[in-house]
Amino acid sequence: MPPIDRSDRSVASAEHSLLAELQPVVETNLHRHLGVAKEWFPHEYIPWSEGRTFDGPLGGEAWTEDEATLPEVARTSLVVNLLTEDNLPGYHRAVAEFGRDGAWGTWVDRWTAEEARHGIALRDYLLATRAVDPRALERARMEHMSGGYDRPDGYSALHAIAYASFQELATRISHRNTGTATNDPRCEALLARIAADENLHMVFYRNLVEAAFELAPDTAMQVVRDVVVGFEMPGSTIKDFGRKSAEIAIAGIYDLRLHHDSVIMPILRKLRVFERDGFGARGEAAREELASFVALLDKKASSFTDRREGIRAARTKRMTSAA
């Protein structure tokens with residue numbers, strides 16, 4: 001993601017003041033979240049009876065490739081989703097830098113606890129069902145987490161809040177579609193439960209961005225423009241992420257069309273970014289840039305969809321010929 005131009009000190013100052021004004025909104029949405037979030041237990045979603053001791057100090061059975069009964073792309077997506085969740089300490093550090101006091105500090109800790117539950121559940125499922133090589137999974141975790149996580153240069157707290165609103169929705173969709181791709185009702189139920197959490201997280205962050213538009217429309221518009229134009233999933237630093245994300249996109253689990261239609265546009269509509277009045281010159285310029293980018297993204301999504309259909313047709317032809 002390219003660095004954001006923060007040379008205008010007035011923008012940074014405006015965001016600092018805005019965050020102070022948002023504190024009551026944070027508190028309101030924290031109470032809302034705690035009131036609607038449902039307690040759930042990862043162990044209830046795991047088919048423990050299928051688990052067996054692996055080879056090692058306890059003398060179990062070594063993992064073999066034939067035990068991986070899930071479709072390959074579903075396994076790839078599950079591992080990408082899990083490694084993303086594993087890097088939670090880095091995300092916590094990044095958002096906690098904006099303050100540990102009051103409602104924001106309470107929210108950050110609660111959000112961290114809920115996200116950690118997702119990683120626990122995903123790993124338990126993969127290991128209990130022996131769906132992946134446990135040693136390869138652990139090595140991937142160590143490598144990814146050792147790289148840490150850093151916010152993009154110039155990202156303010158408001159950028160982080162806006163980014164999270166889009167990212168949480170993207171993650172929700174990825175989890176749900178990954179569950180469907182596994183063809184395993186148990187995994188699908190688990191990922192649907194995780195996705196429900198992600199949706200509540202999205203609502204929390206989106207409501208803060210909506211309040212920011214009411215308080216400081218120009219600043220909020222510039223921030224949303226920055227986030228949408230430079231958006232990357234937090235797992236983009238995973239080894240071979242480009243290849244893996246391409247496989248996931250070709251399978252229709254998460255692609256540009258979903259990103260445009262089911263992530264970017266719903267949030268922009270909710271925020272009413274193209275219907276609002278009251279923008280100054282900076283806000284109007286940012287809105288025009290955002291509109292141009294979204295139109296280009298739409299074209300790229302259509303182009304990708306056309307190419308994917310060609311790839312799928314070619315694969316079907318090869319399989320038919322081989323048969």
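Helices, numbered from the N terminus, are DSSP runs of H or I with at least four residues. By that rule, Asn183 sits in the loop that links H6 to helix H7 (185-215). The model is predicted. The chain holds 11 helices and 0 strands.

**Overall make-up**

- Read from the N terminus, the elements follow the order α-α-α-α-α-α-α-α-α-α-α.
- The chain has 323 residues, of which 48% are buried.
- Taking contacts between residues at least 6 apart in sequence, 82% join residues at least 24 apart.

- Helix H2 covers residues 72-86, which is 15 residues. From the first C-alpha to the last, H2 reaches 21 Å, close to the 21 Å expected at 1.5 Å a residue.
- Because 13 of its 15 residues are buried, H2 is largely enclosed by the rest of the structure.
- H2 packs against helix H5 (residues 134-146) with the axes 9 Å apart and an angle of about 45 degrees. This angle makes H2 oblique to H5, since angles under 35 degrees count as roughly parallel and 65 to 115 as roughly perpendicular.
- The crossing of H2 and H5 is right-handed.
- On the H2 side, the contact is made by Val79, Leu82, Leu83, Thr84 and Asp86. On the H5 side, Leu137, Ala140, Arg141, His144 and Met145 take part.
- By class, the residues of this contact between H2 and H5 comprise 6 nonpolar, 2 polar and 2 charged.

**Helices H6 and H10**

- Helix H6 (residues 157-182) and helix H10 (residues 256-271) have axes that come within 10 Å and cross at roughly 140 degrees. H6 is therefore oblique to H10, as an angle must be over 145 degrees to count as roughly antiparallel.
- H6 and H10 cross in a right-handed manner.
- H6 contributes Ser165, Phe166, Leu169, Ala170, Ile173 and Asn177 to the contact. H10 contributes Leu258, Ser262, Val263, Ile264, Ile267 and Leu268.
- The contact of H6 with H10 includes 9 nonpolar and 3 polar residues, and no charged residues.
- An α-helix has 3.6 residues a turn, so residues three or four places apart point the same way.

**Ser165, a residue of H6**

- Ser165 is part of helix H6.
- The relative accessible area of Ser165 is 1%, so this residue is buried, the cut-off being under 20%.
- When neighbours within four places in sequence are left aside, Ser165 is in contact with Met202, Tyr205, Arg206, Val209 and Ile267.

**Helix H8**

- H8 has 13 residues, which at 1.5 Å a residue should span 18 Å. The end C-alpha atoms of H8 are 18 Å apart, in agreement with that value.
- H8 is largely enclosed by the rest of the structure, because 10 of its 13 residues are buried.
- The buried residues of H8 are Thr219, Ala220, Met221, Gln222, Val223, Val224, Arg225, Asp226, Val227 and Val228.

**Leu297 in helix H11**

- Leu297 belongs to helix H11 (residues 281-322).
- With a relative accessible area of 7%, Leu297 is buried.
- Leu297 and Arg257 are 40 residues apart in sequence, and their C-alpha atoms are 8.5 Å apart in space.
- Apart from neighbours within four places in sequence, Leu297 is in contact with Leu256, His259, His260 and Ile264.

**Loop residues with positive phi**

- Asn183 is not a glycine, yet its phi is positive, at about 60 degrees.
- The relative accessibility of Asn183 is 62%, so Asn183 counts as exposed, for which the value must be over 50%.
- Asp240 lies in the loop between helix H8 (217-229) and helix H9 (241-250).
- Asp240, a residue other than glycine, also has a positive phi, near 60 degrees.
- Asp240 has 41% relative accessibility and therefore counts as partly exposed.

Terms used:
Residues are numbered from 1 along each chain as its sequence is written. This is a predicted model: local features need pLDDT of at least 70, side-chain atom pairs count only at pLDDT 80 or more; totals for chains, interfaces and linings use all residues. Side-chain values use heavy atoms; hydrogens and water are left out. Helices (H or I, at least four residues) and strands (E, at least two) are DSSP runs, numbered from the N terminus. The expected span of a helix is 1.5 Å times one less than its number of residues. Buried means under 20% relative accessible area, exposed over 50%, partly exposed in between (1.4 Å probe, protein chains only). Axes are lines fitted to C-alpha atoms, for helices over the stretch in contact, and angles run from 0 to 180 degrees between N-to-C directions. A crossing is left-handed if the near helix is turned anticlockwise from the far one by less than a right angle, and right-handed if clockwise. Contact means heavy atoms within 4.5 Å. Ala, Val, Leu, Ile, Met, Phe, Trp, Tyr, Cys and Pro count as nonpolar, Asp, Glu, Lys and Arg as charged, and the others, Gly among them, as polar.
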